[in-house]
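Have the sequence and the 3D view ready, and look up each spot as we get to it.

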Amino acid sequence: MADIQNDQVVSFHYTLTDENGTVIDKSEGQPLVYLHGAGNIIPGLENALTGKNVGDKLNVNVPAAEGYGEYNADMVQEVPRNMFQGVDDIQAGMQFQAQTDDGIQIVTVKDVNDESVFVDGNHPLAGQNLNFDVEIVDIRPATQEELDHGHVHGAGGHHH
């Protein structure tokens with residue numbers, strides 16, 4: 001049985017919790033499928049899965065720096081409300097796409113007043129240590145097309 005290495009397609013079930021044990025996300029019925037070594041999942045989890053086999057169950061603690069990064073206060077910006085034309089009811093928690101020098105970025109509304117909208121460009125899980133409860137269910141070699149594209153195709157993966 002092959003252990004997890006770069007250029008393999010890995011399927012696993014997971015439950016993601018925060019430091020307080022609150023469930024943030026989990027695989028529902030379908031496992032998560034990714035191409036190992038292509039940066040498709042957060043580095044701390046990918047590193048922990050290297051060398052594991054089908055049937056392995058593990059708990060992985062991923063520090064913020066190896067997950068979605070440390071929280072960066074500089075990514076919170078005040079934007080004039082009139083930049084949200086066509087959106088009458090802007091509320092905290094809403095997410096929008098913003099065009100930045102680095103391309104499209106998702107921002108989350110933190111606060112709103114009559115003149116301004118305060119948006120946060122950090123990933124919602126930035127700055128949080130994450131805990132993954134994982135069970136590996138399948139490992140297979142990636143196809144050449146998957147390697148060329150850098151992600152999984154077909155069931156559980158990307159469809160063009």
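Is Ala 64 buried or exposed? Ala 64 is buried, because its relative accessible area is 3%. (Buried means under 20% relative accessible area, exposed means over 50%, and partly exposed is in between, using a 1.4 Å probe and protein chains only.)

Before going on, a word on what you're looking at. This is a predicted model, where local features need pLDDT of at least 70 and side-chain atom pairs count only at pLDDT 80 or more, while totals for chains, interfaces and linings use all residues. Residues are numbered from 1 along each chain as its sequence is written, and side-chain values use heavy atoms, with hydrogens and water left out.

Back to Ala 64. You'll find Ala 64 in the loop between E4 and E5. (Helices, H or I with at least four residues, and strands, E with at least two, are DSSP runs numbered from the N terminus.) Leaving out residues up to four places away in sequence, Ala 64 touches Gly 69, Glu 70, Gly 127, Gln 128 and Asn 129; contact here means heavy atoms within 4.5 Å. Ala 64 and Asp 18 are 46 residues apart in sequence and 11 Å apart in space, going C-alpha to C-alpha.

**Strand E1 and its partners**

Now over to E1. E1 is mostly covered, with eight of its 10 residues buried. Which strands does E1 pair with? The table has them. (Two strands pair if DSSP finds at least two bridges between them.)

| Pair | Bridges | Direction | Example of opposite residues |
|---|---|---|---|
| E1 and E3 | four bridges | antiparallel | Val 10 and Tyr 34 |
| E1 and E2 | three bridges | antiparallel | Leu 16 and Asp 25 |

E1 and E2 also form a hairpin with five residues between them, and Gly 21 in that turn has a positive phi of about 85 degrees.

Gln 8 is part of strand E1, which covers residues 8–17. Gln 8 is buried, because its relative accessible area is 11%. A polar atom of the Gln 8 side chain lies 2.6 Å from the backbone nitrogen of Gln 5. Not counting residues up to four places away in sequence, the residues Gln 8 touches include Tyr 34, His 36 and Arg 140.

**Rings and cores**

How many aromatic pairs are there? The count comes to four. (Rings of Phe, Tyr and Trp, taking its six-membered ring, pair if their centres lie within 6.5 Å; planes under 30 degrees apart are stacked, over 60 edge-to-face, and the rest tilted.) Take Phe 12 and Tyr 34: their ring centres are 5.8 Å apart and their planes sit at 80 degrees, so this pair is edge-to-face. That pair links distant parts of the chain, as Phe 12 is in strand E1 and Tyr 34 is in strand E3 (residues 32–35), 22 residues apart. Phe 12 is buried at a relative accessible area of 0%, and Tyr 34 is buried at 2%.

Tyr 14 and Phe 132 make a tilted pair, at 6.4 Å centre to centre and 55 degrees between the planes. Tyr 14 counts as buried at 13%, and so does Phe 132 at 7%. Ring pairs link Phe 12, Tyr 14, Tyr 34 and Phe 132 into a cluster.Phe 12 and Phe 132 turn up again in the largest nonpolar core, which has 19 residues; both are among those with the most contacts inside it. (A nonpolar core is a set of buried Ala, Val, Leu, Ile, Met, Phe, Trp, Tyr and Cys residues joined through side-chain atoms within 4.5 Å.) E1, helix H1 (43–49), strand E4 (57–62) and strand E9 (130–141) each supply at least two residues of this core, and E9 gives the most, with five. A second, separate core of eight residues includes Val 107, Val 109, Val 117 and Val 119.

**The open sheet**

Last stop: an open sheet of four strands in the order E5-E8-E7-E6, with antiparallel pairing. Its edge strands are E5 (76–80) and E6 (95–100), and each pairs on one side only. Five bridges join E5 to E8 (residues 116–120), and Pro 80 stands opposite Ser 116 in E8.

How values were computed
Polar contact = N/O pair within 3.5 Å; in protein donor to acceptor, adjacent residues only side chain to side chain.
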